[in-house]
Amino acid sequence: MFFSILLLAHFQAAIIPILLGIRSIKKFKHISKNEFIPFGFIFLGLASISEMIDHTQTSWIYVDHSSLFNWLFYSFLSLGLTCLSISVIKNRFVQKTNFYISLCSIISYFLFGKTIALLFQVIISILLIIYWQRVFKDWLFILYPIFGIFFTTFFGTKLSISGDQFWHVLIGPSGTISVITFYLVLKRSNKKFA
């Protein structure tokens with residue numbers, strides 16, 4: 001029973017972002033770089049798929065380790081958040097800087113380890129929050145840092161410290177809430193910018 005719930009938690013974390021990405025194609029024309037939005041969602045879904053594949057190597061027990069699929073998880077996560085961030089940034093220098101920070105996150109995973117890669121991901125998330133809030137000014141966006149950063153980090157830390165797989169089940173749905181938040185903020189912005 002627990003394995004089924006764990007599998008469902010991961011499956012929904014992969015499928016929902018990909019479906020939202022497909023649904024976002026040629027939408028949100030009021031966003032300056034709207035062509036990046038579908039890629040952002042799809043990369044987040046691919047991150048979850050990479051994590052699922054990585055879990056097949058550990059019998060679905062969370063293990064804090066470095067591997068090819070764990071690297072892909074963090075790489076797609078970085079690319080997804082970067083695409084969503086770049087979609088609303090008009091300044092080309094800031095767009096390029098955001099992209100280079102994402103590349104640093106991806107490359108540093110193998111060169112320096114996961115910890116350094118995560119530091120770059122923190123910067124990516126901060127830029128995302130700053131620019132999305134600046135553009136959308138939507139109170140709903142507060143759900144992203146709450147669910148996508150605070151709760152996923154909290155649940156992941158509890159999982160790493162305790163080894164209790166219960167925490168593992170909560171991470172995927174928490175991340176999905178943040179992904180849905182992105183989509184709802186975009187959808188609500190249609191009315192603001194129309």
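This is a predicted model: local features need pLDDT of at least 70, side-chain atom pairs count only at pLDDT 80 or more; totals for chains, interfaces and linings use all residues.
Residues are numbered from 1 along each chain as its sequence is written, and side-chain values use heavy atoms, with hydrogens and water left out.

Start with the overall fold. The protein has 7 helices and 0 strands. Its pattern along the sequence is α-α-α-α-α-α-α. The radius of gyration is 16 Å, close to the 16 Å that the globule rule gives for 194 residues, so the protein is as compact as a globular protein of that length. That radius is taken over C-alpha atoms, and the globule rule is 2.2 Å times the number of residues to the power 0.38. Helices (H or I, at least four residues) and strands (E, at least two) are DSSP runs, numbered from the N terminus. The C-alpha trace spans about 50 × 35 × 25 Å along its principal axes.

Now look at the packing. Of the 194 residues, 48% count as buried. Buried means under 20% relative accessible area, exposed means over 50%, and partly exposed lies in between (1.4 Å probe, protein chains only). Among contacts with a separation of 6 or more, 72% come from residues 24 or more positions apart. Contact means heavy atoms within 4.5 Å.

Charge comes next. The protein has 16 positive and 6 negative side chains. The centres of the two sets lie 19 Å apart. Lys and Arg count as positive and Asp and Glu as negative, while His and the chain ends are not counted. Each charge is placed at NZ of Lys, CZ of Arg, CG of Asp or CD of Glu.

In the model, residues 68–89 are 86% helix and 0% strand, with end C-alpha atoms 31 Å apart. Residues 167–186 are 100% helix and 0% strand, and their end C-alpha atoms are 30 Å apart.

Follow helix α7 (residues 166–193) next. Ser 178 lies in this helix. Ser 178 counts as buried because its relative accessibility is 5%. Beyond its neighbours within four places in sequence, Ser 178 is in contact with Tyr 144, Phe 147 and Gly 148. Ser 174 also lies in α7. Ser 174 has a relative accessible area of 3%, so it is buried. With neighbours within four places left aside, the contacts of Ser 174 are Phe 147, Gly 148, Phe 151, Thr 152 and Phe 155.

One of those partners, Phe 151, is found in helix α6 (residues 143–162). Phe 151 is partly exposed because its relative accessibility is 26%. Not counting residues up to four places away, Phe 151 touches Ile 146 and Ser 174. Asp 54 is 97 residues from Phe 151 along the chain, and their C-alpha atoms are separated by 22 Å.

Lys 192 is also in α7. At 47% relative accessibility, Lys 192 counts as partly exposed. Neighbours within four places aside, it is in contact with Phe 136, Lys 137 and Asp 138. Lys 192 and His 30 are 162 residues apart in sequence but 9.7 Å apart in space, C-alpha to C-alpha. Phe 3, in helix α1, is likewise partly exposed, at 42% relative accessibility. Phe 3 and Gln 165 are 162 residues apart in sequence and 9.8 Å apart in space, C-alpha to C-alpha.

Finish in the loops. Most residues other than glycine have a negative phi. Lys 26 has a positive phi, near 60 degrees. Lys 26 is found in the loop between α1 (2–24) and α2 (36–56). Its relative accessible area is 68%, so Lys 26 is exposed. Ser 59 has a positive phi of about 55 degrees although it is not a glycine. Ser 59 sits in the loop between α2 and α3 (68–86). At 60% relative accessibility, Ser 59 counts as exposed.
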